[in-house]
Each structure stands twice: as C-alpha cells, then as structure tokens.
Amino acid sequence: MWYEDALASSYPIILYLHGNAGTRGGDHRVELYKVLSSLGYHVVTFDYRGWGDSIGTPSEQGMTYDALHVFDWIKARSGDNPVYIWGHSLGTGVATNLVRRLCERETPPDALILESPFTNIREEAKSHPFSVIYRYFPGFDWFFLDPITSSGIKFANDENMKHISCSLLILHAEDDPVVPFQLGRKLYNIAAPSRSFQDFKVQFIPFHSDLGYRHKYIYKSPELPRILREFLGKAEPGHQH
C-alpha cells in the first residue's frame, strides 16, 4: 500500500534499467537513485530474470518482457504522473526494445534517457573484443561464446530508433572505456534526423574526458540536475531539436 500511495503522489517516475554487472543495488546505481530522488523523481528499478535475486535465465526477449511488465505495473498505479525510462549500458538495449514496443502499441513513455549507449551489440562487441559489457552476464559462456546462441541477440538500439516517438536524451562520457563514446554519438546521429523523432526533442550531452566519468560515474556531474530539469521540463511533444 505504501508503494501504491507513493506512486500515486504527484511526482514524476523514472524506471531505471541497469547494465549487466552486479544487481540493482550496485554502488554507482544507488548513487544515481539518490541524485534522482533528491531532484524529486521516484525511481523504480528491478533485476531482470537471472540477475540479483530474480529467478530464471537471461534472454533479450525475457529482459524486455520484464521491463514491459514493470512499466505496466507502474502505469497502473501512477495516475497522470510522467513516467520516464532510463537505461544504462546494456540496459539501453532493454530500454529501446521496451520503448519501441510502447510506441508501437501507442502508450509511449514521457521520455527516454540513454546513458552510455551503443548502436547494437555487434558493434559494441567489435569495439570490445573482450566483451566487457557482458562479461558478467549470467551464463556468459552460452550468451557470448556460443555463436548459435549469440546470433539471436541484437539489442539493436540503432534499428529501434526508427520506431520510437518520444523525447530522447543521450548522455555519454568521452573517456568511457566500456562503450566507446563514438557509439553513443553515432546513435544520436541516427536518431536526430529520424522521422519518428520529428515532433520531439532529441539531445546529446557529452562529458569531457577531463571529468573522469568513464562508464558509470555521470551521476557525479554537478550539471546533471540542470540537464534533466531543462530536458524533462520541456519533454512534451512539439519541441524541435
């Protein structure tokens, strides 16, 4: 009942989709939740099947379904409050799969935020021969090393961009050693001119190498509150790039 009441109160909600190592309780994730919470957002997060204390075996389809289920759970309890989707790293793949489906069924979120995203899992793997992004993925051996299995895994952020219609914010550190900065920039360059985004705000925010935010410390940016306020404050339709 506490959750029901909290979600129904008049605060916007962020559904956070985490990356592959560890759990929803990872240090850098909790630090981001604290920042977002202090700015007046409810944060809802969970571990996909096979992560943390969630049963099951990971798969792209299963992770996407899990995110869809949690989104619908939130929407059923949150009244007219805005709901934003935030994906980080491997979670950006889950996020764009989710938001593509939401747009196709005409229930888009109020905005999509992608932190350290790639274009698709193949390009990420090519730029990372040791596949850092999913070395900790439960069942790594079958997931990545078995070519028959891995060929079914796309996490095609680039393709999904053509089917998403909502405001989009991309955050990426120039010194990211896990998902190269140029993949985030490339994804933005695919999204920005896409017809599906023509009525929505599309923004790319780079963080200079000197800041040292790398793959998971963008939450430390003193600029983040302003960036989110300006972006989400104007995230409704009708604002051009």
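This is a predicted model: local features need pLDDT of at least 70, side-chain atom pairs count only at pLDDT 80 or more; totals for chains, interfaces and linings use all residues.
## Helices and strands

Residues are numbered from 1 along each chain as its sequence is written, and side-chain values use heavy atoms, with hydrogens and water left out.

The 6 strands of the open sheet run in the order 2-1-3-4-5-6, with parallel pairing; strands pair if DSSP finds at least two bridges between them. Strand 2 (42-45) and strand 6 (202-207) sit at the edges with a single partner strand each, so one side of each has no neighbour in the sheet. On average, neighbouring strands are turned by 20° against each other, direction ignored.

As for strand 3 (residues 83-88) and strand 4 (residues 111-115), they pair in the parallel sense over 5 bridges. Look for Tyr-84, which stands opposite Ala-111 in strand 4.

## Helices on the sheet

Helix 9 (residues 181-191) lies across strand 4, strand 5 (168-173) and strand 6, and runs at about 165° to strand 6. Helix 10 (residues 224-232) packs on the sheet too, touching strand 3, strand 4, strand 5 and strand 6, with its direction at about 160° to that of strand 5. Those angles run from 0 to 180 degrees between N-to-C directions, using axes fitted to C-alpha atoms, for helices over the stretch in contact. Contact here means heavy atoms within 4.5 Å.

## Burial and contacts

Of the 241 residues in the protein chain, 52% count as buried, meaning under 20% relative accessible area, with exposed set at over 50% and partly exposed in between (1.4 Å probe, protein chains only). The accessible surface of the chain comes to about 11100 Å², and 53% of that belongs to carbon and sulfur atoms; the areas come from the Shrake-Rupley method with a 1.4 Å probe.

Take the contacts between residues at least 6 apart in sequence: 77% of them join residues at least 24 apart.

## Cysteines

The structure holds 0 disulfides, a disulfide being a pair of cysteine sulfur atoms within 2.5 Å. For Cys-103, the closest cysteine sulfur is in Cys-166, 5.1 Å away and too far for a bond. Cys-103 is buried, with a relative accessible area of 15%, and Cys-166 also counts as buried, at 1% relative accessibility.

Technical notes: Helices (H or I, at least four residues) and strands (E, at least two) are DSSP runs, numbered from the N terminus.
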